[in-house]
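Here is a friendly briefing to read alongside the structure. Keep the viewer open as you go through the points.

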Amino acid sequence: MEEVVINSGDTAWMLISTGLVTLMIPGLALFYGGMVRVKSVLNMMMMSFGALAIVFVLWIIVGFSVVFGDSLGGNGIVGDPTQFLFLNGLDNADAAIGTIPAAVFIAFQGIFAAITVALISGSIADRAKFGSWMVFAAIWATLVYFPVAHWVFAFDDFVAKTGGWIANDLGALDFAGGTAVHINAGAAGLALAIILGKRVGWRKEAMRPHSLPLVMLGAALLWFGWFGFNAGSAVGSNGTAGLALLNTIGATVAALLAWLLVEKIRDGHATSLGAASGVVAGLVAITPACAAVNASGALIIGALAGALCALSVGLKFKLGIDDSLDVVAVHLVGGIVGTVMIGVVGVDVGLFNGGGTEQLIKQIIGAGAVLGYSFIATLIIGYAIDKTIGLRVSKEVEVEGIDLKLHAESAYEMYSSSRGGSSL
Amino acid sequence: MKLITAIIKPFKLEDVKEALTAFGITGMTVSEASGFGRQGGHTEVYRGAEYTVDLIPKIRLEVLVDSNDAEKVIDVIVKAASTGAIGDGKVWSSPVDNIVRVRTGERGTDAI
C-alpha cells in the first residue's frame, strides 16, 4: 500500500462517483415515496434518510473494518473489526487504497452499505415503527451487510491481506453488488415483510401510488447515481469504468422495453410505473455483470431482468406476502438474474461465450449463499425486534396515517391552494 | 324558496355556469365532489395489480332560487349539463325555510 502513488484521474472519478452514489439515497426515497399513499410518503422517505445516517455512522466506527479488515482466522467470513476501528490509520490525507486516497474509497463503499439497508424499506411500507426501523437498520447492517460485503467485496491484498470467501476462494464474479447489495436486500425484504404481516386492507382497498411523477423522478435519479455505483466500482478512471457505464445504459433501456412489453401483453397498457420499475430492474441486474459482459450481453441481461421482474410482481399476491413495493420482484429477482447470467453470457467465462459451466455454478453458489444467509438472519433479527420493542405500529396509527401519527407531519396541503391554502 | 343542487360532469361546469348567468342567476356555490351512480367506477392497473376505483370525480353546484323559478332553473341546468352519455349526473330541488344576506341582514326572497 505504501509505495502506491495516488492517481489524480482515478481520484477525481471516485470523488464524483461517491457524490453520484449518495444521490441514490434521495433517488430511492422519491422512487419509494411516490409509490405509497399520501398518508405515509414522509415515513417512506425517512426510512431511506434514516438508514443512510445510522449505517454511515456504524460504517465509520466498525463497518469498514468488518468488511475490509483481514479475514478473521483467514476463512473469509468476517473481517477483523479492530483493525480499522474508527478508521484507525486511514482517516488522513496521506493513506491510500489502490490508486486513490483511502478516505475516498471508505466514503464510496460506505454509501453502498447505506443504500442496501434503505432498499429493504420498500417491503414494509406504511406500517413499521420508525425507531424500530432504525434499530433494525443498525443491527442488520452489522450482522448481515458488513459480513456479506466482506465475502463479496474484500479481495486479498487490496485493503488487507486476506479477504472474503466469495471473492477469493469461490471466485464468483460480482462487480458492484448483485449479491451483496441486491440479493441481500431482496431476501431481507422478503423476510421482514413476512415478520411484519400484511397492511390493513391489503388486497381489499386500493393502495395506489400517490405520485407517479415522483416515482419517475426517483428512478431517473437512481439511474444517474447508478453510474457512480457501477462505473465507480472500477475504483479507477479507466476502460473498465467505461464499459460498466455503457452497460449500465444498455441493460437499463432493454429492461424498460421488456417490462412495458410484458405489461402491454398482460394488462393491455404500458404504464409509467412499469417504465420506472423496468429501469430499476435493469440497473439491478447489470450491477454484478457490468464489467463482465459486452454490450449485447448487457442487452440480454436487461431484457431478461425486465421481463422476469415484471412477471414476478404478481407472486406476492399468490403467496399472501405484502412486499409492498416489490423489493423481492425487483431486487431479489433482478439480482439473481444478473448474478447468474454472468455464467451464461460473461465474456470468456459464460456458458454461451467461451466458457463452460464452471463459472455458472460458482455464480449460483454465490447467489444462493447470500440469499440463504440474508433471509434466515433477517427473520431472526426481525423476530427479535418484534418481540422486544415491537416492529409494527398500531392499527389506529396505520389507518389514520403513519406520517401524522408518528412524525407529526403531513406531506401535502390537501386543500384548495387558490388562496394560499385552507383555513380549516 | 328552493335550493337547487346539481351533480354534473366536471367539464360541463363552464357551460352550466354560462347558461345560468344568461338566465339571470347572480350567484352559486361550486364544490368538487366524488361519487358513483349507474356509470360505476373504473379500473386502474399498477404493476399488474388491478384496482377498481368506485368514486368518480364530479362537480356539485348549488343555487338558491325563488320557488317560481325553480323548474326553469332545473331545465336550464339539465339542458346545459347533458351529453346524452351515462354519468351526466342529477339535479334536485329542496325547500328552504329562510335565507339571510349576511352584509345587510335582508331576509327571504330579498336575500337571493
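This is a predicted model: local features need pLDDT of at least 70, side-chain atom pairs count only at pLDDT 80 or more; totals for chains, interfaces and linings use all residues.

Residues are numbered from 1 along each chain as its sequence is written, and chains are lettered from A and ligands numbered from 1 in the order in which they are written. Helices are DSSP runs (H or I, at least four residues), numbered from the N terminus.

- In chain A, the axes of helix 1 (residues 8–35) and helix 3 (residues 102–120) come within 9 Å and cross at roughly 20 degrees; axes are lines fitted to C-alpha atoms over the stretch in contact, with angles from 0 to 180 degrees between N-to-C directions.
- Helix 1 of chain A and helix 3 of chain A are therefore roughly parallel (angles under 35 degrees count as such).
- Residues are in contact if their C-beta atoms, placed from the backbone, lie within 7 Å; those of helix 1 of chain A that meet helix 3 of chain A include Met14(A), Val21(A) and Leu28(A), and the partners in helix 3 include Phe108(A), Ile111(A) and Ile115(A).
- The residues of this contact between helix 1 and helix 3 of chain A divide into 14 nonpolar, four polar and no charged (Ala, Val, Leu, Ile, Met, Phe, Trp, Tyr, Cys and Pro are nonpolar, Asp, Glu, Lys and Arg charged, and the others, Gly among them, polar).

**Helix 6 with helix 9**

- Helix 6 (residues 178–196) of chain A and helix 9 of chain A have axes that come within 9 Å and cross at roughly 145 degrees.
- Gly178(A), Thr179(A), Val181(A) and His182(A) of helix 6 make this contact with Val284(A), Thr287(A) and Pro288(A) of helix 9.
- By class, the contact of helix 6 with helix 9 of chain A has three nonpolar, four polar and no charged residues.

**Helix 2**

- Helix 2 (residues 41–68) of chain A has a kink of about 70 degrees centred on Trp59(A), the bend being the angle between axes fitted to the seven residues ending there and the seven starting there.
- Of the 28 residues of helix 2 of chain A, 21 are buried, so this helix is largely enclosed by the rest of the structure (buried means 20 or more other C-beta atoms within 10 Å of a residue's own).

**Val313(A) and chain B**

- Val313(A) lies in the loop between helix 10 (295–312) and helix 11 (315–319) of chain A, and counts as buried with 24 C-beta neighbours inside 10 Å.
- Not counting residues up to four places away in sequence, Val313(A) touches Asp326(A), Ala329(A), Arg47(B) and Gly48(B).
- The contact between the chains takes 12 residues from chain A and seven residues from chain B.

Notes:
Helices (H or I, at least four residues) and strands (E, at least two) are DSSP runs, numbered from the N terminus. Angles under 35 degrees count as roughly parallel, over 145 as roughly antiparallel, 65 to 115 as roughly perpendicular and the rest as oblique. Two residues are in contact if their C-beta atoms, placed from the backbone, lie within 7 Å. A residue is buried if 20 or more other C-beta atoms lie within 10 Å of its own, exposed if 12 or fewer, and partly exposed in between; C-beta atoms are placed from the backbone.
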